[in-house]
Amino acid sequence: MSSDQSANVELIKRHIGEYPDFPKKGILFKDIFTALRNGEVCRAIKSVLVSYVRESCPDVQVIVGLEARGFLFSLLIAAELGIASVPIRKKGKLPGSCAQQEYVLEYGTDVFEIQQGSITEGQKVLIIDDLLATGGTMDAANKLVQQLGGIVERNVVIIELTELGGRKKLEGSGSKVHSFLQYHDVE
């Protein structure tokens, strides 16, 4: 990473909000929305994301954003690179025929969907979200892209909560993962 991009990452980090006991007692929530309140930080996020994709995944053809914060970044990258942006949403939010993938939450399960035909056989895909915790949603997204015949080149997040093991889970199933900010404390 260039010194300009390192400075951008540090700028982003300084603006990440922290909210103790959210969404439940004992959790220190890391909030990307706090950073997005600052125009300079928005430019820095765009710069590091686009630069990273250009350098590390120059052949990517589709940027997939996960509901909901991933949408903010997927369109931003796709528009800059002139490639497709595709959403993955929770069940029942997308029209038409959709592929589905169930994933495990702390208390129960949920289902992600992607529209059939949004990714074609052999297309190279980068999946983005704001945060990687346990890896359940990113793993489900990888499986959905693969169901449609896409090739997942990389999973990219702004923030990684390392103690929750998401990277280990994803890399254990063959995924490549990149995060810009790593936090080792979740409490």
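This is a predicted model: local features need pLDDT of at least 70, side-chain atom pairs count only at pLDDT 80 or more; totals for chains, interfaces and linings use all residues.
Me: Which residues of helix H4 are buried?

Reply: Here is the general idea first. An α-helix has 3.6 residues a turn, so residues three or four places apart point the same way. In H4, which spans residues 69-81, the buried ones are Gly 70, Phe 73, Ser 74, Ile 77 and Ala 78. They lie on the same side of H4 because their arc around the axis is only 125°.

Me: What covers the buried residues of H4?

Reply: Both helices and strands do. The cover includes helix H2 (32-35) and helix H3 (39-56), along with strands E3 (62-66), E4 (84-90), E7 (124-132) and E8 (151-161).

Me: And the end of the helix: which residue just after H4 takes a positive phi?

Reply: That is Gly 82, with a phi of about 70°.

Me: Now the sheet. In what order do the strands come?

Reply: The open sheet has seven strands, ordered E5-E6-E4-E3-E7-E8-E9, with mixed pairing. At the edges are E5 (98-105) and E9 (177-183), each pairing on one side only. From one strand to the next, the twist averages 20°.

Me: How many bridges join E3 to E4?

Reply: Five, and the two strands run parallel. Within this part of the sheet, Leu 66 stands opposite Ile 88 in E4.

Me: Which strands does H4 touch as it packs on the sheet?

Reply: H4 touches E3, E4, E7 and E8, and its direction makes about 165° with that of E3.

How values were computed:
Residues are numbered from 1 along each chain as its sequence is written. Side-chain values use heavy atoms; hydrogens and water are left out. Buried means under 20% relative accessible area, exposed over 50%, partly exposed in between (1.4 Å probe, protein chains only). Helices (H or I, at least four residues) and strands (E, at least two) are DSSP runs, numbered from the N terminus. The arc is that of the directions from the helix axis to the C-beta atoms. Contact means heavy atoms within 4.5 Å. Two strands pair if DSSP finds at least two bridges between them. Axes are lines fitted to C-alpha atoms, for helices over the stretch in contact, and angles run from 0 to 180 degrees between N-to-C directions.
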